[in-house]
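Welcome, and please load the model in your viewer.

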Amino acid sequence: MSFRILSAALFVLGTSLGGPSMAAPADDDTTRLNQIQVIGTHNSYHAGIAPSEAKLWQAQVPDLFRELDYRHPSLTAQLAEGVRQLELDIFADSKGGLYAHPAGPALTAKAGLPADPDFDPQHLMDKPGFKVMHVQDVDYRSVCQPLIACLGEIRAWSKAHPKHVPLFILLETKQETLKLAFPTVQPESFTSAVFDVLDQEILSVFPRREIVLPDDVRGRYATLDQAVRTKGWPSLSRTRGKVIFLMDQRKMGPVYLEGHPVLKGRVLFTNAVPGTPDAAFTEQNDTPADQITALVRQGYLVRTRTDENTVEARNNDTTKRDAMLASGAQILSTDYPAGEPAQTGFQVGFPSHGAARCNPVLKAPDCRDAMLEPPALP
């Protein structure tokens with residue numbers, strides 16, 4: 001019997017005999033949300049590029065294709081394998097149909113390549129609502145569509161596993177213009193009003209009671225920065241089974257804050273500069289490990305990347321991965337979680353094979369890895 005199966009079996013047996021549940025109450029009460037560490041996936045929705053388009057991009061833009069040459073299974077499968085942070089790139093589509101006819105199929109036909117499978121057989125792209133994809137016209141296939149359906153899939157898994165550690169959902173807003181040799185769609189801009197609609201879409205799937213909100217963390221403090229550096233984040237006993245929405249792009253923070261100082265009434269935590277009023281969560285993707293450790297000790301929730309653009313995975317270079325694991329960053333993002341290793345063997349996971357572990361920098365005295373979540377079954 002493998003270690004994973006044995007551990008899971010012992011966990012179930014202990015529960016059935018009246019033993020400890022997924023986490024002992026004392027552990028949950030004394031371990032805070034920022035005192036754990038989880039693995040997340042970069043571009044979790046990424047279904048990869050279809051065969052003919054892959055052949056076309058590999059011939060025309062080989063360097064770009066190399067960066068895009070990865071894919072993930074369904075969000076449900078990733079969660080089942082122990083991923084606890086999911087990243088979704090979103091495009092505003094207020095009227096519907098803006099991204100329904102990407103350039104890729106026409107270009108492959110012009111090149112005499114076989115037609116790829118229809119990327120939208122249900123015509124979901126014709127309907128209004130935020131869409132999930134990487135790059136308009138070029139890299140647009142997703143394991144779920146639209147955003148509201150992706151969130152529904154996450155919530156269904158969450159409701160079926162109510163004792164999970166908090167799930168982190170990172171949203172990257174896309175509105176960039178592409179400068180390519182062929183015409184591409186100009187995305188809609190994200191304004192304060194568009195962000196209002198985004199909050200409403202999220203709340204149409206997840207009730208407020210199932211989300212860790214900025215208002216919850218700030219409490220009676222004047223700013224989020226004061227709250228996390230003084231009171232700290234809520235405990236696991238208050239956040240198990242919940243989700244936390246995070247904003248990826250720092251430049252969009254001021255727009256999201258319009259009319260909502262220190263994120264009052266908002267759903268997402270901004271990717272803030274440490275020390276600013278809305279600072280609770282911050283991304284430090286290219287920051288040295290010692291600087292990340294300093295931010296973690298100050299009380300901030302930090303997301304970083306263990307690998308990027310498939311470079312480390314192609315060379316099985318674990319240098320950055322190991323440094324980020326030791327840094328204390330609470331969220332470690334990778335293209336290659338333990339359930340999806342690269343061909344070279346590169347992967348990111350914890351020695352216990354669990355979905356979470358006690359934070360190596362901010363470990364609570366009563367925190368035990370085995371009581372956070374049991375190892376995922378193969």
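Start with the largest nonpolar core, which has 82 residues; select Leu88, Leu151, Leu171 and Phe245, the residues with the most contacts inside it. A nonpolar core here is a set of buried Ala, Val, Leu, Ile, Met, Phe, Trp, Tyr and Cys residues joined through side-chain atoms within 4.5 Å. Buried means under 20% relative accessible area, exposed over 50%, and partly exposed in between, with a 1.4 Å probe and protein chains only. Apart from that core lies another, of 11 residues, with Leu56, Leu113, Val138 and Phe182 among them.

Before going on, a word on what you are viewing: this is a predicted model, in which local features need pLDDT of at least 70 and side-chain atom pairs count only at pLDDT 80 or more, while totals for chains, interfaces and linings use all residues. Residues are numbered from 1 along each chain as its sequence is written, and side-chain values use heavy atoms, with hydrogens and water left out.

Now zoom in on Leu88. Counting heavy atoms within 4.5 Å as a contact and leaving out residues up to four places away in sequence, Leu88 touches Tyr45, Leu75, Val132, Leu147, Cys150, Leu151, Ile169, Leu170, Leu171 and Glu172.

The C-alpha trace spans about 65 × 55 × 40 Å along its principal axes. Of the 378 residues, 55% count as buried. Among contacts between residues at least 6 apart in sequence, 74% join residues at least 24 apart.

Select helix H3 (residues 51-60), where the buried residues are Ser52, Glu53, Ala54, Leu56 and Trp57. Show helix H4 (62-68) and helix H6 (104-110) too, as the buried residues of H3 pack against them.

From there, go to Asn43, in the loop between strand E1 (36-41) and H3. Asn43 is not a glycine, yet its phi is positive, about 50°. Is Asn43 buried or exposed? Asn43 is buried, with a relative accessible area of 1%.

For another positive phi, select Asn316, a residue other than glycine with phi near 50°. Asn316 sits in the loop between helix H14 (311-315) and H15, and is partly exposed at a relative accessible area of 36%.

Follow H15 (residues 319-327) to Ser327. Ser327 is buried, with a relative accessible area of 1%. Not counting residues up to four places away in sequence, Ser327 touches Ala289, Ile292, Thr293, Val296 and Val361.

Then look for a cis peptide bond. Which residues does it join? The bond joins Gln145 and Pro146, with omega about -10°. Pro146 belongs to the loop between strand E3 (131-132) and helix H7 (147-160).

Finish at Val205, in helix H8 (residues 192-205). Val205 counts as buried at 13% relative accessibility. Apart from residues up to four places away in sequence, Val205 touches Ile148, Leu151, Gly152 and Arg155.

Terms used: Helices (H or I, at least four residues) and strands (E, at least two) are DSSP runs, numbered from the N terminus.
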